[in-house]
Amino acid sequence: MSMSSSSNKKLMLHQFRDMAEKCQVPLMVIKLLQSKYHYKEEAEIICNKVQVKLSKECFHPSNTCITDLRTSHWEEAIQETKGGAANRKLAEECYFLWKSTRLQHMTLAEEVKAMLTELRKEVRLLLLTNGERQTQREKIEACACQSYFDAIVVGGEQKEEKPAPSIFYYSCDLLGVQPGDCVMVGDTLETDIQGGLNAGLKATVWINKNGVVPLKSSPTPHYIVSSVLELPALLHSIDCKVSVST
């Protein structure tokens with residue numbers, strides 16, 4: 001997420017992933033495979049294989065659609081585990097259950113809604129997320145977060161994603177602000193923080209919820225917080241520092 005602290009126009013870019021509560025979605029697919037298709041330990045193995053495939057996923061919109069690609073992940077995982085002929089119908093059933101359950105559990109916590117509402121009275125807010133267009137737009141709609149932001153930018157709809165400076169410049173132009181007036185806030189050092197640094201933003205804030213110790217080679221954020229709810233106080237602190245220095 002990013003916030004700006006200029007006195008007039010202000011911008012906040014928010015990493016989408018921070019906003020949605022995570023759930024154990026594969027559990028629903030495991031139950032389906034066990035109860036309807038009488039799989040045993042294979043059900044969990046299949047779900048684990050799909051998670052690995054998702055983590056290594058390379059999506060090219062010109063070659064296929066995201067639905068076909070992710071259905072293929074399930075089809076391959078089932079065939080690798082059970083053997084025999086490919087079962088596209090079962091793969092589709094697993095994928096759509098996985099997808100629908102995932103979207104159902106994507107919500108904004110009430111305290112986050114309240115924080116965004118208050119922040120928007122003082123700063124301009126922009127949600128910036130990497131990812132394939134259809135997938136990210138479905139997430140945004142599922143958690144109904146549009147009304148909390150002045151604009152939303154999805155990396156899959158742009159020529160380049162974070163950490164490329166161009167998507168940050170595009171976001172700034174969209175709201176009519178300068179990069180030097182913005183603060184990037186996100187939970188990923190390699191894309192959110194590095195991107196903010198690449199674009200020359202006023203500051204970068206890393207949300208380190210689990211107290212992870214970064215690698216020495218990782219980009220260094222200007223600030224570190226453990227919760228997104230610490231942002232209002234931090235933004236005030238950044239404003240105060242700017243006032244003192246000028």
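Residues are numbered from 1 along each chain as its sequence is written, and side-chain values use heavy atoms, with hydrogens and water left out. As the model is predicted, local features need pLDDT of at least 70 and side-chain atom pairs count only at pLDDT 80 or more, while totals for chains, interfaces and linings use all residues.

The pLDDT (the predictor's confidence in each residue, from 0 to 100) has a mean of 88 over the protein, and 87% of the residues reach 70 or more. Residues 1–9 stay under 50. For them the model has 51 contacts (heavy atoms within 4.5 Å) beyond four places in sequence. Residues 15–23 are also below 50, and this stretch has 37 contacts beyond near neighbours in sequence. Where pLDDT is low, the predicted coordinates should not be read in detail.

Aromatic rings come next. Rings of Phe, Tyr and Trp (its six-membered ring) pair if their centres lie within 6.5 Å; planes under 30 degrees apart are stacked, over 60 edge-to-face, and the rest tilted. The whole structure holds 2 aromatic pairs, and Tyr95, Phe96 and Trp98 form one aromatic cluster. Elsewhere, the charged end of Lys82 sits over the ring of Tyr39, 4.5 Å from its centre; the rule asks for NZ of Lys or CZ of Arg within 6 Å of the ring centre and within 35 degrees of the ring normal.

Tyr95 and Trp98 also line the largest cavity, together with Arg70, Lys99, Arg102, Leu103, Thr135, Glu138 and Lys139. A cavity is a set of points, on a 1 Å grid over the protein atoms alone, where a 1.4 Å probe fits but cannot get out; lining residues have an atom within 4 Å of a point. Helices (DSSP H or I, at least four residues) and strands (E, at least two) are numbered from the N terminus. Two or more lining residues come from each of α4 (88–104) and α6 (133–142), and α4 gives the most, with 5 residues. The lining divides into 3 nonpolar, 1 polar and 5 charged residues.

Two backbone details remain. A cis peptide bond, with omega about 15 degrees, joins Lys162 and Pro163; Pro163 is in the loop between β4 (151–154) and α7 (165–175). His38, a residue other than glycine, has a positive phi near 60 degrees and lies in the loop between α1 (26–35) and α2 (41–55).

Key: On a 1 Å grid over the protein atoms alone, a cavity is a set of points where a 1.4 Å probe fits but cannot get out, and a pocket is an open set with protein on both sides within 12 Å along at least five of seven lines; lining residues have an atom within 4 Å of a point. Ala, Val, Leu, Ile, Met, Phe, Trp, Tyr, Cys and Pro count as nonpolar, Asp, Glu, Lys and Arg as charged, and the others, Gly among them, as polar.
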